[in-house]
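Trainee: I have a structure open and would like to learn how to read it. Where do we start?

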Amino acid sequence: MDTQAQELQKLETQNATPAPGAASDTTFGGYGEIAYNSYRTDTSRNQADLKRFVIFLGHRFSDRWSFNSEVEWEHAVTSEDDQGESEIEQAYLNYQFAPGVNMKTGLFLMPFGFLNESHEPPVFYGVERNDVETRIIPSTWREGGVSFDGITGFGLEANVGLTTGFDIAKFDDPSHPLASVHQELQLAKAHDPSYYGALNYRGVPGFTLGGAIFSGNATQDNADFKADNTNPDFMDLNGRVTLWETHTRWQKSGLDLQALYAEGTIGDAARIDQTLADYNTANAADRAFVPERFNGWLLQAGYVVWQRGDMSLAPFVRYERFNTQDKMPDGIAADPTNADRVTTFGFSFKPLTQIVFKADYQSYHDNVSNDRLNLGMGYMF
């Protein structure tokens, strides 16, 4: 089964009405992955990690109402003294108006790119999730709110929603501009709602063409400063975050071609950074500056060279380019480590469609100290 078929099967399983007399209306599943990274120039950075252990739990209350959730543990151990995390990645109610027409309410994943909604290890190429869909599109990005999605008879899928948004006062990582300001519905500042829309066309078997856009004010009425006046004061600043992407994919006879472009902007970046500069001076601090614009793109090709039943071997190659500080306000220098071109090549071996063993090599053209060999295994059920 190809990747797109797996994704559609997952979606159909979540939203399908159970057959009369089904044994249970409660469903259980999950996925997990372990990775080993070996760096070419500094072997002290080598590490092995149980990256994720995830449980899916769902329940269908009736022919129309259902519940879906996803609980994730990262890095094996979660405690005050460890780097692991425990988090609710999804928890939403789904109401099915008609086959293919749904409303979600709760915490759910944003329909951006290839990976954000479908990130189980057997679904994507490479041991690590690609840089563009982690640095530019934050992975895994979810918001709380309400959304509506539908599928037409000629293959057009639409998804729109009103959700929570980002909190720019939390910004602390220029290498991943939206990751640190992503609130994850954890006591999320919610003065300003955000809006998104996504369209995908899949009317031709194996072909996908689509895109999405998200926008919302991220200063949240200066909520962080009002709660604690030791924080920077962003009074009267907008800080609107807008992120958009477009993507296409072609899958045919074992061939899998992908392309994606993503770009984000932060409004009032010059005034926000001037506020941060003044704050740093007054408090002997070193708060990071926000970019005006950040972007990235990728091209990827994979091919199933051998298959026997559910067993398959598929090499792939990917080229991507990203710059998380593509445009900075005047007078603020970008850090060259936050821009790079990356070539990744390797393979995925699946003894079953739900189990994968991976190996790849990543060459960073500008920051060569990041070159590494990656080994990994993963599963989904």
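Mentor: We start with aromatic rings. Rings of Phe, Tyr and Trp, the last by its six-membered ring, count as a pair if their centres lie within 6.5 Å. Keep in mind that this is a predicted model.

Trainee: How many aromatic pairs does the structure hold?

Mentor: It holds 15 aromatic pairs. One of them is formed by Y95 and F97, with 4.9 Å from centre to centre and 85° between the planes, which is edge-to-face. F97 is partly exposed, at a relative accessible area of 40%.

Trainee: How is a pair of rings described?

Mentor: A pair of aromatic rings is described by the distance of the centres and the angle of the planes. Planes over 60 degrees apart count as edge-to-face. The planes of W141 and F214 are at 75°, so this pair is edge-to-face, and the ring centres are 4.9 Å apart.

Trainee: Which parts of the chain does the pair of W141 and F214 tie together?

Mentor: W141 is in the loop between helix 2 (132–136) and strand 6 (142–151), while F214 is in strand 9 (residues 207–217), so the pair ties together parts that are 73 residues apart in sequence.

Trainee: Are W141 and F214 buried or exposed?

Mentor: Both are buried. Buried means under 20% relative accessible area. W141 and F214 also belong to a cluster that ring pairs build, together with F112 and F166.

Trainee: Which residues other than glycine have a positive phi?

Mentor: Two cases will do. A76 has phi near 75°, and its place is in the loop between strand 3 (65–74) and strand 4 (85–98). S253 has a positive phi of about 50° and lies in the loop between strand 10 (240–252) and strand 11 (255–266).

Trainee: Are A76 and S253 buried or exposed?

Mentor: The cut-off for exposed is over 50% relative accessible area. A76, at 56%, counts as exposed. S253 is exposed as well, with 64%.

Trainee: Now the whole chain. How many helices and strands does it have?

Mentor: The protein chain has four helices and 17 strands. Its C-alpha trace spans about 65 × 50 × 45 Å along the principal axes. A compact globule of 381 residues would have a radius of gyration near 21 Å, and the chain agrees because its own value is 21 Å.

Trainee: What do burial and contacts look like over the chain?

Mentor: Buried residues make up 49% of the 381 residues. Of the contacts with a separation of 6 or more, 61% are between residues 24 or more positions apart. The chain exposes about 17,700 Å², of which carbon and sulfur atoms supply 57%.

Trainee: And the charges?

Mentor: There are 29 positive and 52 negative charges, and their mean positions are 6 Å apart.

Definitions and conventions: Residues are numbered from 1 along each chain as its sequence is written. This is a predicted model: local features need pLDDT of at least 70, side-chain atom pairs count only at pLDDT 80 or more; totals for chains, interfaces and linings use all residues. Side-chain values use heavy atoms; hydrogens and water are left out. Helices (H or I, at least four residues) and strands (E, at least two) are DSSP runs, numbered from the N terminus. The radius of gyration is taken over C-alpha atoms; the globule rule is 2.2 Å times the number of residues to the power 0.38. Buried means under 20% relative accessible area, exposed over 50%, partly exposed in between (1.4 Å probe, protein chains only). Contact means heavy atoms within 4.5 Å. Accessible areas come from the Shrake-Rupley method with a 1.4 Å probe; for residues, only the protein chains shown count as cover. Lys and Arg count as positive and Asp and Glu as negative; His and the chain ends are not counted. The place of a charge is taken as NZ of Lys, CZ of Arg, CG of Asp or CD of Glu. Rings of Phe, Tyr and Trp (its six-membered ring) pair if their centres lie within 6.5 Å; planes under 30 degrees apart count as stacked, over 60 as edge-to-face and the rest as tilted.
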